[in-house]
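Take a look at the structure below. This briefing covers paired strands first, then charged side chains.

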Amino acid sequence: MPYIKKSQKTQSTLLDIKSQKCGLRSSVFSVNGNEYTGEWQDNKKHGKGTQVWKKSGAIYDGDWKFGKRDGYGTYSVLLPGTNKYARKYCGGWKNGKKHGYGTYYNSSAVYEGEWSEDYRSGWGRMYYENGDFYEGEWLKDKNHGQGIIIFANGNWYEGTWRQGKKNGNGKFYYSDKGQLYEGIWVDGIPKCGTLSDFGRDEAPTPTKYPVPQKIDGMMAFSVFSYADVYTQIICPCL
C-alpha cells in the first residue's frame with residue numbers, strides 16, 4: 001500500500017489554528033512585557049479584558065474590540081514611587097480612543113462629559129484645580145459654543161465661546177463690584193456693550209457711585225480688564 005505523506009502546509013495550518021487565541025485565556029505576555037488577561041477572538045483582544053503596560057505600569061480594564069479599547073472601560077496609572085493606582089479615565093472608548101461619555105481625572109481637576117476621538121467635544125463640565133468651574137459646549141478640548149464659567153472669586157461669564165475664548169454675545173458679572181456687563185466679545189476682549197448695577201448692595205467693594213444711565217443723549221458704560229482696571233467708555237446710543 002503506497003504511503004501518502006501529509007503536506008507540510010496542511011500541518012502548519014492546523015498548528016496555526018490551534019495556536020490562535022480565541023475565547024477566555026489566562027495571562028498572555030507580549031515581547032515587550034505587557035500583560036493581557038481576558039477574552040480573545042481571531043488572535044486579537046476582543047470582549048472583556050485587562051491590559052497592564054510594563055513600562056508605565058498603567059492598567060486598562062474594560063471592553064475590547066478586535067485588539068483595541070472599544071466600549072466601556074477604566075484607565076488607571078501607577079503613582080510614582082508607590083504601589084497605588086490613580087484612576088485617570090472612566091467611560092466610553094472607540095477604536096482605542098476616548099469617545100462617548102466619560103470622566104477624566106487630572107490631579108484635582110476633573111472633566112465630566114462627552115468625548116470624540118480623545119478630545120473633549122460636545123457638552124461637559126470642567127472643574128479646574130484653581131476652583132473655577134465651566135459648564136457648556138466643547139470642541140477639540142476647547143470651550144466652543146454656549147457655556148458658563150464661574151470663577152473662584154465669584155465672578156462669572158455666560159455666553160458664546162470660540163476656540164477657548166469669549167466670542168460673540170455674553171454677560172460678565174463682577175461680584176466684588178456688583179456690576180453686570182452685557183455686550184459683544186472678540187477673542188476674550190469686551191468690545192461694545194452696557195454696564196449696569198447688579199447686586200450692588202451685597203457687593204464687598206462696590207464702586208463709589210452707581211453707573212449713570214444716560215449722559216446728554218449718550219450711553220455710558222464701563223469695562224473691567226482681567227486685572228480689574230476700571231475704564232470709562234462713552235458710546236453712542238443705538
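The points below describe strand pairing and salt bridges in this predicted model.

**Strands and hairpins**

- Strand S11 spans residues 142–150, and strand S12 spans residues 156–162. The two pair in the antiparallel sense over six bridges.
- Gly 145 stands opposite Trp 161 in S12.
- S11 and S12 form a hairpin, with five residues between them. Gly 154 in that turn has a positive phi of about 100°.
- S12 also pairs with strand S13 (residues 165–174). This pairing is antiparallel too, over six bridges.
- Glu 158 stands opposite Lys 171 in S13.
- S12 and S13 form a hairpin with two residues between them. Gln 163 in the turn has a positive phi of about 55°.

**Salt bridges**

- Side chains of opposite charge can pair when their charged atoms come close.
- The structure holds six salt bridges.
- One of them joins Asp 63 and Lys 48, with the closest N and O atoms 2.6 Å apart. Asp 63 lies in strand S4 and Lys 48 in strand S3, so the pair ties together parts 15 residues apart in sequence.
- Asp 63 counts as buried because its relative accessibility is 16%, under the 20% cut-off. Lys 48 is exposed, at 52%.
- Glu 112 and Arg 125 meet in a salt bridge at 3.7 Å, N to O. Glu 112 is in strand S8 and Arg 125 in strand S9, 13 residues apart.
- Glu 112, Arg 125 and Glu 135 are linked in a network of salt bridges.
- Asp 176 and Lys 177 meet in a salt bridge at 3.4 Å, N to O. Both residues are buried.

Technical notes
Residues numbered from 1 in each chain as written. Predicted model: local features only at pLDDT ≥ 70, side-chain atom pairs only at ≥ 80, totals over all residues. Heavy atoms only, no water. Pairing = 2+ DSSP bridges. Helix = DSSP H or I, 4+ residues; strand = E, 2+ residues; numbered from the N terminus. Salt bridge = Lys/Arg side-chain N within 4 Å of Asp/Glu carboxyl O. Buried < 20%, exposed > 50% of the residue type's maximum accessible area, 1.4 Å probe, protein only.
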